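The sequence and structure come first.

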Amino acid sequence: MQDNATEVTAAGIARLAGVGRAAVSNWRRRHADFPKPVGGTETSPSFALTEVEAWLRKQGKLAEVPLRERVWQQLVGHPEGPLTALVHAGCVLLLIHERPTVWLDAVAGSDERLAALLPGALDQVLTPRFGDAVGRPVHSGRPASASSAVNAVDAPQAVDSAPDAGAVNAPPSAPTVNAPSTAPAVNTAPATPDVNSSLAGRAAGPFTPAPAVNTLASTSSVNAPAASPAVNAHAPSPAVNAHAPSSAVNAATANAPAPSPAVNAPTAAPAVNAPTATLAATPSVNALRVPTGPQLLPSVPLLRGAAELAADLGARQAFEFLLGRHLDANPRQYTLTPADLAGLMADLAGPARSVLDPACGTGALLRAVDPRPGQELYAQDGAPDLAALTALRLALHSRADVRAAVGDSLRADARPGLRAEAVLCHPPFNERNWGHDELAYDARWEYGFPARTESELAWVQHALARLTDGGTAVLLMPPAAASRRSGRRIRADLLRRGALRAVVALPVGAAPPYNIPLHVWVLRRPDRTPATPEVLLVDSGRFAGEGRGGPDWAAVRDAVLDAWRAFARAGRLDERPGLARSVPVIELLDDDVDLAPARHLPPPAVADGAEQLTAVRERLGATLRLTADLTPPPADPAPAARWPLTTVGELARGGALVMRTGGNGGHARVPVLTDHDVLAGSAPSGTLPESEEEAVMTEPGDVVVPVLGGGSVARVIDDATAGAALGRNLVLLRPDGTALDPWFLAGFLRGTANNRQASSYASTATRLDVRRLQLPRLPLDEQRRYGARFRALDEFERALRHASRLGEQLVRGMYDGLTDGTVAPD
């Protein structure tokens, strides 16, 4: 079957052809045979991928679509959206990972045959990995157990159904609930002929809390309104482990208890919006449901492509690539938990056999947990697609038992009886509508009922309530939670009872929002109250990186873990000035109960402070002298030159240079040159989403150009910078040394007029089309003359920047020394 359903935008076409979006607009105007739009809007049309590919190949602009790009375009162009496509692809990749022979048997044949066979094949994998609560297709021929009644699957209409299909999904204790009197209509109650019918199940959409959920009698009065299927989910920002911003969360209806949009109550109690007293006990829907054949059929081209990608990269790496690419392509929709931060939080929690993340996002925190034999990983999220992606990601990553559920953990906790050894959580920040009115008498508030403005303290107590005695919880928290007056009574009780063990202030830029130094709280469910309790306070703010490069994670990790492990062994920690100390609880129990580490730590050691400032002053003097020596000589006037010009695009087509764009993923430990590094002239400081995608690596002599911001900047890669991966929003030009001098190329690319004519302007940004940048056609010897002058200007510019940084350091040190008394005024 042709992949006619996959659509691609102008940006996708530009990526396929390796050009800017302006080139695609020009093609549409100049070529009458350019494919016509098949969807989208007038200002942002979409095109059929197969037609675009054929046109590009006909025009000689495309030899072959790379496999990764083809699969990615199939995913983003999926008719049900990229998240549904990701879930379908993840299910098949898990099948390939665990039972490759089953996949090979199913894939040999037509698309229709593959779609019909896949539900049964997926059931063989999903049920063992995720438990009996996973919805099964009817073809399995097995009735659902009583424990799985809440998550019973929609029955596909005619996919290998068993003869006794009429009784499928009828709980043993309630044989007449949702069970028809005759077999032909599976799961159709007599009084409600359209509920849970095969057609209704098919239209519900894959892996959503579909309307084929058979609720037990104990939950018969709980029905979320059909108009708000994502009630209590963090839908406004389906973030990875952090659901901010979420000001509109739960706003659809105050009494909507669960993310199950059409839970089927028995006919005796059809009322919608049950009383609020029952909300906390509302069961949540399991994250994964076996898709039906009709649901899978539009995904078949994607699934075949994902299988090819898995043969090249491996199933796990293929899924990480697709997920990472999706997250990177939608930065405003997700608030990410960086991998380094997730690893630090998992290490603070320590090894554990059972771990819970009640706001899992896409599972970054649980993925960072060190695997152990017999491990159980529990996840819950209000966004159904994210919960399903978490389950698949964890199953591909480890052999642990994975139990993922859909639902708001505060309002509709999926596992109220769970007692885990560890809880990791990046909760949504600053929620007002978190359930304050409905949950006033909830048993989880052991340390006090949180105020409406203290949603983070509700998450803290939820985490403690799900721990076994002595278990550890690690939560990412906004700094205001440590000092707001509305939460001081709960903080005081956490301290008195020994539940709060440590507060770690992270450097600025550690996680979104990047302009705020977030905190990490480490808590333990008290098994006994210590005689003289102390709390560890750590401030790692000194390890903040410059600009947008992020903190020095290696230094943060070493400092925080060393302090925590020493404190955990002895129950106290000797003072480490400016970094860490253990504070007796009695010192913190004042009117404010302020836990901000910076307010309780002594300043860093100031020994030799004056001598250090003297050394900075000497380095500044030497740099200023060097700057004077490097100052360019007076400019000699010359008549305006009229060279024959060429463009970067023409040089690339002629083979004089190779043009590459920055990647969307790469190996986690490769240093990344970011656009900010190029603009600031600093060392590589960035990271890319972890994936097996081959990163673009820099080499000496490459010229790197930022494409956003409107600045006239080009940087020649030297030996110190070579070997870094090329970051986003950068274009790399690799000149042929026999035809182009790199310094000549970089110098002319920096011309202001040159950049102006090659730039396009949007409402809020300027984008540079590097292919349109011009430079003169000159002999190589003449290029080198210009290149030597451009190189001298670059050295002068670097010296000026270094002098500026040293000057700022000296001024800041003098102010600090004078104000803290370590430097005399004369």
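How close do the axes of helix α4 and helix α11 come, and at what angle do they cross? They come within 11 Å and cross at roughly 60 degrees. This is a predicted model, in which local features need pLDDT of at least 70 and side-chain atom pairs count only at pLDDT 80 or more, while totals for chains, interfaces and linings use all residues. Residues are numbered from 1 along each chain as its sequence is written, and side-chain values use heavy atoms, with hydrogens and water left out.

**Overall**

- The chain has 24 helices and 23 strands; helices (H or I, at least four residues) and strands (E, at least two) are DSSP runs, numbered from the N terminus.
- Of the 826 residues in the chain, 54% are buried, where buried means under 20% relative accessible area, exposed over 50% and partly exposed in between (1.4 Å probe, protein chains only).
- Among contacts (heavy atoms within 4.5 Å) between residues at least 6 apart in sequence, 73% join residues at least 24 apart.

**Helix pairs**

- Two packed helices are described by the angle between their axes and the distance between the axes.
- Axes are lines fitted to C-alpha atoms, for helices over the stretch in contact, and angles run from 0 to 180 degrees between N-to-C directions.
- Helix α4 spans residues 67–76 and helix α11 residues 315–329; their crossing angle makes α4 oblique to α11. Angles under 35 degrees count as roughly parallel, over 145 as roughly antiparallel, 65 to 115 as roughly perpendicular and the rest as oblique.
- On the α4 side the contact is made by Arg68, Glu69, Val71, Trp72 and Leu75, and on the α11 side by Phe321, Leu322, Arg325, His326 and Ala329.
- By class, the contact of α4 with α11 has six nonpolar, one polar and three charged residues. Ala, Val, Leu, Ile, Met, Phe, Trp, Tyr, Cys and Pro count as nonpolar, Asp, Glu, Lys and Arg as charged, and the others, Gly among them, as polar.
- Helix α7 (residues 111–130) and helix α14 (residues 384–397) have axes that come within 11 Å and cross at roughly 90 degrees, and the two are therefore roughly perpendicular to each other.
- Leu126, Arg129 and Phe130 of α7 meet Ala391, Leu392 and Ala395 of α14, a contact with five nonpolar, no polar and one charged residues.

**Strands and sheet**

- Strand β12 (residues 534–539) runs antiparallel to β13, and five bridges join them; two strands pair if DSSP finds at least two bridges between them.
- Val583 in β13 is the bridge partner of Val535.
- Four of the five residues of β13 (residues 580–584) are buried, so this strand is largely enclosed by the rest of the structure.
- An open sheet of four strands has the order β15-β20-β17-β18, with antiparallel pairing.
- β15 (657–661) and β18 (715–716) are at the edges with a single partner strand each, so one side of each is left without a neighbour in the sheet.
- Helix α22 (residues 742–749) packs on this sheet and touches β15, β17, β18 and β20; its direction makes about 15 degrees with that of β17.
- Four bridges join β17 (residues 703–706) to β20 (residues 730–735), and Val704 stands opposite Leu732 in β20.

**Leu518**

- Leu518 lies in the loop between β10 (500–505) and β11 (519–524) and counts as buried at 2% relative accessibility.
- The C-alpha atoms of Leu518 and Leu476 are separated by 7.2 Å, although the two residues are 42 residues apart along the chain.
- Not counting residues up to four places away in sequence, Leu518 touches residues including Phe429, Leu476, Met477, Val504 and Pro513.
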